Amino acid sequence: MVPVLIAMCGLPFAGKSVLAGALSRELRIRLLSYDSEIYPVHSRLAPAGSAAAAGDDAGQDIARRQIGAILAGGESLIYDDLLLGRNDRRKLAAVAEAHLAGFVLIYLDTPLPVIGQRRAANSRTRARTSVPDAKMRLDTSVLEPPEKAERALYVSPDYVLPEVLARVSARLTQS
């Protein structure tokens, strides 16, 4: 069976991790989270005072190497990350292609007011790490929504999981 890479992208609090977890359980494939598995490791290894952008690039390089190794082993996975820039998504698609894996990009197209509501609710519950306003503004400013050529599956915040699963399955049969 051909391995598959499903990549999540979108702004913080768009719902990527929730959907990634649900897809992982339903499809019974591995979930790799940048926030919990890649960033904690690479942030400790980064030289003190290094630029954030350079750190992000290094983290993405680490993630792509890990993803490549997983795909090379014949295992499918879901990669949960912001992937705000087209270049990062292009490089990730190239990793899948290099390992003859299927590739599906899922973009959580969550409106900013909904994200604002989720952030406000999180500030009361602290269910997850908060995202400072300055970081949220930066992420919003650098977000490059997927272009048509990226063939992303756009998912709204009111998605129905079986419908998303059907769309992912249909995309994989087209690959």
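I took helices (H or I, at least four residues) and strands (E, at least two) as DSSP runs, numbered from the N terminus. With that, I found seven helices and five strands in the protein. Reading from the N terminus on, I noted the order β-α-β-α-α-β-α-β-α-α-β-α.

A note on the source: this is a predicted model, where local features need pLDDT of at least 70, side-chain atom pairs count only at pLDDT 80 or more, and totals for chains, interfaces and linings use all residues. Residues are numbered from 1 along each chain as its sequence is written, and side-chain values use heavy atoms, with hydrogens and water left out.

Next I looked up burial (buried is under 20% relative accessible area, exposed over 50%, partly exposed in between; 1.4 Å probe, protein chains only). Of the 175 residues in the protein, 41% are buried.

Then came contacts, meaning heavy atoms within 4.5 Å. Among those with a separation of 6 or more, 77% join residues 24 or more positions apart.

My last stop was the aromatic rings. Rings of Phe, Tyr and Trp (its six-membered ring) pair if their centres lie within 6.5 Å; planes under 30 degrees apart are stacked, over 60 edge-to-face, the rest tilted. How many aromatic pairs did I get by this rule? The count is one. Tyrosine 107 and tyrosine 154 have ring centres 4.9 Å apart and planes at 75°, so I logged the pair as edge-to-face. Tyrosine 107 sits in strand S4 (residues 102–108) and tyrosine 154 in strand S5 (residues 153–155), so the pair ties together parts 47 residues apart in sequence. I also checked their cover: tyrosine 107 is buried at 6% relative accessible area, while tyrosine 154 is partly exposed at 34%.
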